[in-house]
Structure formats: structure tokens, C-alpha cells
Amino acid sequence: MTSYLEANGRERLQKLLDVGSFEEFLPPQEKISSPHLEQLGIPAAFDDGVAIGRGRLKGEKVFVASEEGAFLGGGVGEVHGAKLVGLLKKAQKENPKAVLLLLESGGVRLHEANAGLIAVSETMRAVVETRMAGIPVIVLIGGSNGCFGGTGIVAQCANLILMSEEGRTSMSGPEVIETARGVEEFDSQDHALVWRTTGGKQRYLLEDCLQILPDNIDDFREAAFQALNCYGPITLEGMLEENKLLADRIAKFGKAKDALEIWAKLGIQNPEQLPMLEIAEFLEIAKHHRAGDLK
Amino acid sequence: MNWKDLATLLFPNGYRIQEDNSNLMGEATVGNKTVTVIGVANQAQVGVDICLQHATVILNTIQYHPGQGIVILVDSLGQFLSHRDELLGLNRYMAHLAKCLHLARTKGHKTVGLVYGEAVSGGFLASGMMADECYALEAANIRVMALPAMARVTKIPQETLVELSKSNPVFAPGSSNYYKMGAIEEVWSLQDDLGLKLKKAFERPIQQDKRNMLGIERGGRKLAYPVVERVLTENT
């Protein structure tokens, strides 16, 4: 087994796809890097923190992108975002089975503030357009930086998310909230609190991700393959359904002070034990208590 | 700017907008047509509740008012920073609103955004930036983060950022910088006839996302467009 969490962005691609099948678009040799970092005295990366290309997943043609969390926290800059947009637009022309986005990012790269924000917006638009073209967009989350800010929105624009227990996704990082609102609002040093607020198990129980997986790239590979046939476009019916799910969520859990309260409301006995359970044990309990199942 | 003062200038033929806790929802008349209005006032932060309510209005418009235009008014200091919003999954709510706005576009609803105050990150991504075209008043303050906070997070001296922001639209807040980078279609002045400007915006056809093209034409964002084109023409 290979840990998804510990692998870097390129290693994840190598292990996720069929051996030797990854063909990169704009590889590092072409040295396409950010035009904004040099003046700040920050070394650029020749891939601007994201590898994009095509490959095969158990023989099926897929397009892929993988963000490198170690480079500026996976932040989306002008070139990084344009590579994602280019990939998604190229997918609309070449019609692969799906586009897989391995996201690990804190959102907008602050070093390129305005250009990064616009790049995230263009990526959101390209994701929904790719879906409208009938090509599923599948997001994988399991890196140590999680998937936050604008990239968290990009992830939820996709068809579905596959996530490990170690993955985290939401909007604002706990440090940002603590800095703005104080430690009483969100204690960023309380790792158990941070994890149960935005970690994979909470997101799975609320149905913000389709599946929760062990921290193993082989499991991501199998789950991504199973997901390739998922339904594509954004429809009125789909949005009405999501609207109801999200309205119910506020009605039922909007006053909860902690994830543990939500899990208890979902009917889980001894919710405080959930964080300790291995994925298989967790699923035995959790699969009958997801938010969508709560009538 | 107060939203009612703006609405008076923007909708001379009338509006029926309710404000509930800085959340704006309702209808207005543009030319002789009714449009749906959603928006945020008083620099409010956007959390799960506002996103859901706005998405619900958009879905109602799609269902019961086919083709009706949509106006998005933006004066927000960004996403609501709270434990509750993170717990409930604010990114999902924002993406839901963004998807609903895109669905409206594909069903022929022209959407026009207008930044009339602040527009910051999460308060802009799933609203004005998802519109077909987004406009801004001259005095509008669009940004990701204020320079002092940016200096703290990036550990780059504030003086360096201030100096760079004089020549580089990437760093400095403001509607003219976002215009140069292609994200703002046009900057409007309060001396303009805003009612007429909005009417003209609604007369334009629904378009593809052309912000990266505008960015290169206007010289504010030079690499986004060529990088996309290079990916598209790569033959490997």
C-alpha cells in the first residue's frame, strides 16, 4: 500500500493511473511558471504547482490534474489556474471518460492575490461547463493541506468527491477563523476539533463526499474507476435535490455546536468513538446514518 | 454606498427588493422587463444561510420565470468566518449557489453582477463572478485580502507589496485593476446613467467566459490566456 497523504502530487498520479500511462501537458521541461513570484523573491516551480495531462485508469482514458501541496500550499495562481482551465477545456474537445482532479490546496495563492482569485473563478466555470458537456469531473481529497477556500468551492462544483479520513475540506482554515474571531470561536490547535469539523468522516456523514476511503492510493484508484460512469450534467432536478439536502441540513443541524451533536442527531450511538474507528468499522456504523438517510 | 440609493439609480422604473439582515432578495424592472435581484448589503459576510436563500431564489426563477434576467448586487467582506459555517460545509453551499447560477445561464437567463461596495474572495466567487458579466462602481473595493494581512500571511514586507501594487494590478485592490485583468466588464461612474447602463448590459447576448482574453487585451493578466491555448494545442 502507498499512503495518499504522504505521497507528493506527481507520485499520486503515477500510482493512481495505469503504469506508464501518464502523458503530461506542459511538462516542467517547458518551464511554464508564475510571472509574479520572482519580484517577491520566491523561487518559481516549473509546473507552477500542478501537473496536468491524460492517462489510463484500468484502460479507460481519463484526464488528470494533481496539485502539489508542498508548493505554496497548493495555492492557485494565474498559471496554475490556467493549466486547470486548459485541461478542462481540452477534455471538452477530446471527450475522455472523466476528468480526475487531485486537489490539495488552500485556495487562492495570496502571492498573486487578484490573478489567483480570477483563476479560481475561471476554474469553477470550466468545471461546470465540462459537466454540462457530459464529462464527469471527479475530485480526490487526501493531502495534508486539505482542500479549502476557492479550491473547496471548485471541489463541490464537481460531480463527486472521494476523500480519505485524513482529508479535510471546507471553506476557511481554522487559523484564519481563530485570527479573525478568537480562540473561543475556533481553536486551531485543537486537532480533534479541527478534524471532526472538516475531516473526511464529518463530510461523509453529511454527504459532502460520495465515499470515504482508507489512506491508500490503491483504494483511491479502485474508487475512482468505479466512479467513472457517474452521471454528468448539472440539472434542475439535481439542483432542487441538493437545495433540499442543504435546507434540511440547516434545519436539523444549524444549531449544533459541535460535530458530535450532529452525529448523535444522526442516531449514532457513542459518537465520541467515531474518530478512533478504522474506515471499515466506521462504515459499518456510518453507512446507515448519513444525513440523506435521515427522513 | 447604501443599497437603496443604488437601487434608485439602477432601477428608475421601480424595484421590489426586501432587505433581511443585509440579505437582498426581490425583483426590479429593467427597461420594461422584470428581473430577479439577489445581493448582499452593508458589507455583510456570506454564510450558509444567505447562499441557500439566494440559490432558492435562482431555482424559483428558473422554474417559474423562464428566461428572466438576474441581477447580483455585491457589497460583502467575504465568506462568513465561523465554526458553524465550516461544520455545515460552507464550500458546498457556495458551490450550490454557483452551480444554480450556471444552470440559469444555460437555460437562457442573462445574469449581470454589480459590485457597489466591497467584494472579497468567497463573497464574490459564488456571486458576481459567476455572472455572465460583472460590472463595478468606480469606488468599489475588490480584493482577496487587504495588503497588511497579505503581508502577514505571505511574510513579504508590506512596503514591498505597496510598491509593487503601484505598477502591477495583481496585488492592489480596486475595480480598475480587476477591469485590467478582465474580471470586470466595465467600470461605472455614479455620473453615468446607471439605469441605462444596466439596460444595455441586459441587451447583450449570453457569452462564453472571455475573461482571460480581456485580461490579455487590457494588459493586466498576460499569461492566463496563452497557457490555456497552449494546453489546447498540445499534441502529446
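The model is predicted.

The interface draws on both chains. Chain B contributes 77 residues to the contact, and chain A contributes 87 residues. About 6900 Å² is buried between chain B and chain A. Carbon and sulfur atoms give 65% of that area. Three residues stand out on the chain B side. Glu86(B), Leu87(B) and Arg92(B) together supply 12% of the area that chain B buries against chain A, more than any other three residues.

Polar pairing also spans the interface. Between chain B and chain A, 40 residue pairs are in polar contact, with both residues at pLDDT 80 or more. Several helices of chain B each supply at least two residues to the side that touches chain A. Among them are helix 2 (48–64), helix 3 (83–88), helix 4 (90–106), helix 7 (158–167) and helix 11 (224–233). Helix 4 of chain B gives the most, with 14 residues. By class, the side of chain B that touches chain A has 42 nonpolar residues, 19 polar residues and 16 charged residues.

Salt bridges were counted next. Over all chains, the search of the whole structure finds 36 salt bridges. Five salt bridges cross the interface of chain B and chain A. One of the pairs in the model is Arg92(B) with Glu242(A), whose side chains meet at 2.6 Å, N to O. Arg92(B) is also one of the three residues that together supply 12% of the area chain B buries against chain A. Both Arg92(B) and Glu242(A) belong to a network of salt bridges. The network also links Arg203(A), Asp208(A), Arg249(A) and Lys99(B).

A further pair is formed by Arg230(B) and Glu30(A). Their side chains meet in a salt bridge at 2.1 Å, N to O. Arg230(B) lies in helix 11 of chain B, and Glu30(A) lies in the loop between strand 1 (23–25) and strand 2 (50–57) of chain A, so the pair joins two chains. Arg230(B) is partly exposed, at 39% relative accessible area. Glu30(A) is likewise partly exposed, at 30%.

Other salt bridges lie within chain A. Arg125(A) forms a salt bridge with Glu129(A), and the closest N and O atoms are 3.1 Å apart. The two residues sit four residues apart in helix 3 of chain A, so about one helical turn separates them. Helix 3 of chain A covers residues 113–132. Both Arg125(A) and Glu129(A) are buried. For Glu129(A), the relative accessible area is 14%; this counts as buried because the value is under 20%. Contacts of Glu129(A) extend to both chains. Leaving aside neighbours within four places in sequence, Glu129(A) touches Lys89(A) and Gln92(A), along with His102(B) and Gln208(B).

Lys201(A) and Glu165(A) make another bridge, with side chains meeting at 2.8 Å, N to O. Lys201(A) lies in helix 7 (residues 200–205) of chain A, whereas Glu165(A) lies in the loop between strand 6 (160–164) and helix 5 (174–181) of chain A. The pair therefore ties together parts that are 36 residues apart in sequence. Lys201(A) and Glu165(A) are both buried.

Asn168(B) was examined as a loop residue. Asn168(B) lies between helix 7 and helix 8 (175–180) of chain B. Asn168(B) is buried, with a relative accessible area of 12%. The side chain of Asn168(B) reaches the backbone nitrogen of Val170(B) at 3.0 Å.

The search of the whole structure finds zero disulfides over all chains. Cys147(A) is in no disulfide, and the nearest cysteine sulfur, that of Cys157(A), is 11 Å away. Cys147(A) counts as buried because its relative accessibility is 0%.

Conventions:
Residues are numbered from 1 along each chain as its sequence is written. Chains are lettered from A and ligands numbered from 1 in the order in which they are written. This is a predicted model: local features need pLDDT of at least 70, side-chain atom pairs count only at pLDDT 80 or more; totals for chains, interfaces and linings use all residues. Side-chain values use heavy atoms; hydrogens and water are left out. Contact means heavy atoms within 4.5 Å. Buried area is the accessible area (1.4 Å probe) that two parts lose on being put together, summed over both. A salt bridge is a side-chain nitrogen of Lys or Arg within 4 Å of a carboxyl oxygen of Asp or Glu. A polar contact is a pair of N or O atoms within 3.5 Å; within protein, one must be able to donate a hydrogen and the other to accept it, and residues adjacent in sequence count only if both atoms are side-chain atoms. Ala, Val, Leu, Ile, Met, Phe, Trp, Tyr, Cys and Pro count as nonpolar, Asp, Glu, Lys and Arg as charged, and the others, Gly among them, as polar. A disulfide is a pair of cysteine sulfur atoms within 2.5 Å. Buried means under 20% relative accessible area, exposed over 50%, partly exposed in between (1.4 Å probe, protein chains only).
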